Amino acid sequence: MGPTKWILVAPEGHVIQLSFEVLSLDSQNSLTSVYVRDGDSALSELLMKISGETSKKSVVSSGRVMSVEMESLRGNDGKEEGFMAVYSSLGEFCKVRKSIT
């Protein structure tokens, strides 16, 4: 499976808080990774990399855009991996919660 990418965009003047509620990644082989970046480019600052077990499950962007990318080097061996995350737009007047799966 190739990489899958989600771009999260908050309203002007807001930041994004992303919280992973469920992580189901191969903790032994680390063939699947989730990358969270502070922006929408591959050159944006890497805020978090998850492969296998992790204790940090929440992160906040510095601006209004965040990207989440899941990349798997695993073939089609029948093992299901993935995550469920919730993101919020944090700002003075707005709080929005949405789920990505």
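**Notebook: salt bridge, sheets and cavity in a predicted model**

I looked for salt bridges, taking as one a side-chain nitrogen of Lys or Arg within 4 Å of a carboxyl oxygen of Asp or Glu, and by this rule I count one salt bridge. The partners are Arg-64 and Glu-12, whose closest N and O atoms are 3.3 Å apart. This pair links distant parts of the chain, since Arg-64 sits in the loop between strand S5 (58–60) and S6 while Glu-12 sits in the loop between strand S1 (4–9) and strand S2 (15–24), 52 residues apart. I then looked up accessibility, where buried means under 20% relative accessible area, exposed over 50%, and partly exposed in between (1.4 Å probe, protein chains only). Arg-64 is partly exposed, with a relative accessible area of 32%, whereas Glu-12 is exposed at 62%.

I note the basis of these entries: the model is predicted, local features need pLDDT of at least 70, side-chain atom pairs count only at pLDDT 80 or more, and totals for chains, interfaces and linings use all residues. Residues are numbered from 1 along each chain as its sequence is written, and side-chain values use heavy atoms, with hydrogens and water left out.

**Strands and sheets**

I took helices (H or I, at least four residues) and strands (E, at least two) as DSSP runs, numbered from the N terminus. The protein has zero helices and eight strands, and of its 101 residues 36% count as buried.

For pairing I required that DSSP find at least two bridges between two strands. In general, strands of a sheet pair through backbone hydrogen bonds, either parallel or antiparallel. Here I find four strands in an open sheet, in the order S1-S6-S3-S4, with antiparallel pairing. Its edge strands are S1 and strand S4 (46–50), each of which pairs on one side only. Neighbouring strands of this sheet are turned by 15° against each other on average, direction ignored, with axes fitted as lines to C-alpha atoms and angles running from 0 to 180 degrees between N-to-C directions.

Within this sheet I followed S1 and S6, which run antiparallel and are joined by six bridges, and I noted that Lys-5 stands opposite Glu-69 in S6. Ile-7 also lies in strand S1 and is partly exposed, with a relative accessible area of 40%. Ile-7 and Met-66 are 59 residues apart in sequence but 6.0 Å apart in space, C-alpha to C-alpha.

I then turned to S2, which is joined to strand S7 (residues 82–90) by nine bridges in an antiparallel run; the bridge partner of Ser-19 in S7 is Val-86. S2 also pairs with S5 in the antiparallel sense, over three bridges, and there Leu-18 stands opposite Val-59 in S5.

**Cavity**

I searched the whole structure for cavities, meaning sets of points on a 1 Å grid over the protein atoms alone where a 1.4 Å probe fits but cannot get out, with lining residues having an atom within 4 Å of a point. The search finds one cavity of 30 Å³ or more, and the largest cavity holds about 40 Å³, the volume being the space filled by probe spheres set on the points. Its lining consists of Lys-5, Tyr-35, Arg-37, Ser-41, Ala-42, Ser-67 and Glu-69. Strand S3 (32–37) and strand S6 (65–72) are the elements that give two or more residues to this lining.

Terms used
1 Å grid on protein atoms, 1.4 Å probe; cavity = no way out; pocket = protein on both sides within 12 Å on 5 of 7 lines; lining within 4 Å.
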